[in-house]
Amino acid sequence: MLAVLSKSADAEQELGELRELARTAGVETVAEVVQQRASPDPRTYVGKGKLDELKHAYEHARAEVLIVDDELEPTQQRTLENALTARVVDRTQLILDIFAQHATSAEGKLQVELAQLEYNLPRMRGMWQHLERLGGGTGALGAGVGTRGPGESQLETDRRIARRKIALLRRRLKDVGKHRATRRKERASSGTPTVALAGYTNVGKSTLLNALTGSDVSVENRLFETLDPTTRGFEHDGKRYLVTDTVGFIRKLPMQLVEGFASTLEETLVADLVLHLVDASEPDDRLAEMIASVDSVLGEIGADEVPLELVLNKIDQVDPLGRRRLGNVFPGSLQISAVTGEGLEELRGRIAERFADRYVDVRLLLPYEEGAKLAELYALGAPIAEREDGEEGVFIRARLPQPEVRRFARYLVADAHEGSAAEHV
Ligand SMILES: Nc1nc2c(ncn2[C@@H]2O[C@H](COP(=O)(O)OP(=O)(O)OP(=O)(O)O)[C@@H](O)[C@H]2O)c(=O)[nH]1
Ligand SMILES: [Mg+2]
């Protein structure tokens, strides 16, 4: 059963999202309760009168768990559980549960475990009391926890163990993060422009990665399908670009997850360009809210300095009138469909434009005795437009990333027509 406190008159969107989260976690919604209220009651979360209604609805629907659309204070959770004799799961716990289900890589699992421990640490007392009362067995949505009802000293011990585990996980994540940093540096030194896909969960980031690069990253109509960053390349007009797909954002993204997934989210931070992907088929006010929450997470991780393009995906779901309206609301944004392929050529072109001055067309004459330089050139992986083995050496026409040109400056040959050694594309 779902409970939502709403400040806005239209709670349907908040409910809809919570329903989706519950569905993704494998929970079927049997009843929903909404209270219009500016801020939660510090003790009971909902108002006192609403608590009776909630209790009645919970029993009537024969619900097995109450899911609340906020991160609850430990006391609020306890009070609700006592009042309803129910299992109460808050929004953060629900999202952590989904992340735990979807984590596949070693790093993803560590990140989720860290986030869960951090969520649980201040709640450990509540957790044990909860277990004692219910006779033990379940933490959040079925994660098995020990059933022993410990005394105060046991609790102290558990807290210490948890803190030590948190420190250990942080260290291990740092090590794993180093590998990622190395890979990132390799990418950066290759000079290949990197584009990061950012956006709300389920807007089609992975579908777009697949469409642009011909990959087959997992795509599902459920939330937080992707947790691990994936980087793939594509070529456009003879130039190579890298695209990174990463974890999606959500309204009220638990701060424990932002912290736990810091190194993953950094992929966005180090990109040369962020494509902020949105689901154009969402109603206007929901769209605005989704954009705002992505912007706020990008700001939180310091990625708001990276150049950004707003891209409206799922445009195949929008009628011509809606498209025109979106064009007015978001001037300069691209309208695409990662599924039908509409607008993808324009998107590639837009990306290329952004990096146009980062590549330089050069003509080189490499004497045969400079074989190592030739190997170096090939190692760059830059597209070679022409190669001719002449008398004086190898003549090459190639497109180099700007920072690499200096290494070959000695071998540059002037363009017969323009008289300049390097011409900007
Ligand atoms: N109609 C339509 N559906 C799309 C489009 N792009 C993606 N989808 C669907 O949207 C759902 C989510 O797609 P994903 O690519 O998994 O979305 P994501 O942003 O990677 O989601 P997370 O990894 O969960 O954050 C899938 O059911 C896709 O088939 C599109 O252009 N049009
Ligand atoms: Mg994805």
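**View 1. Strands S5 and S8 run parallel and are joined by five bridges.** In this predicted model, local features need pLDDT of at least 70 and side-chain atom pairs count only at pLDDT 80 or more, while totals for chains, interfaces and linings use all residues. Residues are numbered from 1 along each chain as its sequence is written, and chains are lettered from A and ligands numbered from 1 in the order in which they are written. Helices (H or I, at least four residues) and strands (E, at least two) are DSSP runs, numbered from the N terminus, and two strands pair if DSSP finds at least two bridges between them. Gly199 stands opposite Leu277, which belongs to S8.

**View 2. Helix H8 (residues 205-213) gives the most residues, three, to the shell around ligand 1.** Among the 22 residues around the ligand, Gly204, Ser206, Asn221, Thr226 and Gly248 come nearest, where a residue is near a molecule or strand if its C-beta atom, placed from the backbone, lies within 6 Å of it. The shell divides into six nonpolar, 11 polar and five charged residues; Ala, Val, Leu, Ile, Met, Phe, Trp, Tyr, Cys and Pro count as nonpolar, Asp, Glu, Lys and Arg as charged, and the others, Gly among them, as polar.

**View 3. The buried residues of H8 pack against several strands and a helix.** These buried residues are Lys205, Ser206, Leu208, Leu209, Asn210 and Leu212. A residue is buried if 20 or more other C-beta atoms lie within 10 Å of its own, exposed if 12 or fewer, and partly exposed in between, with C-beta atoms placed from the backbone. Their packing partners include strand S5 (194-199), strand S9 (308-313) and helix H13 (344-354), and contact requires that the C-beta atoms of two residues, placed from the backbone, lie within 7 Å. After H8 comes Gly214, whose phi is positive, near 65 degrees.

View 4. S12 runs antiparallel to strand S13 (residues 393-401), and five bridges join the two. A hairpin of three residues leads from S12 to S13, and Glu388 has Phe395 of S13 as its bridge partner.

**View 5. Helix H5 (residues 106-120) is largely enclosed by the rest of the structure, because 11 of its 15 residues are buried.** Among the buried residues of H5 are Glu107, Val112, Leu114 and Tyr119. From its first C-alpha to its last, H5 reaches 21 Å, close to the 21 Å expected at 1.5 Å a residue, the expected span being 1.5 Å times one less than the number of residues. Glu107 is 9.9 Å from Asp175, C-alpha to C-alpha, although the two are 68 residues apart in sequence. Asp175 lies in helix H7 (residues 152-189) and counts as exposed because it has 10 C-beta neighbours inside 10 Å.
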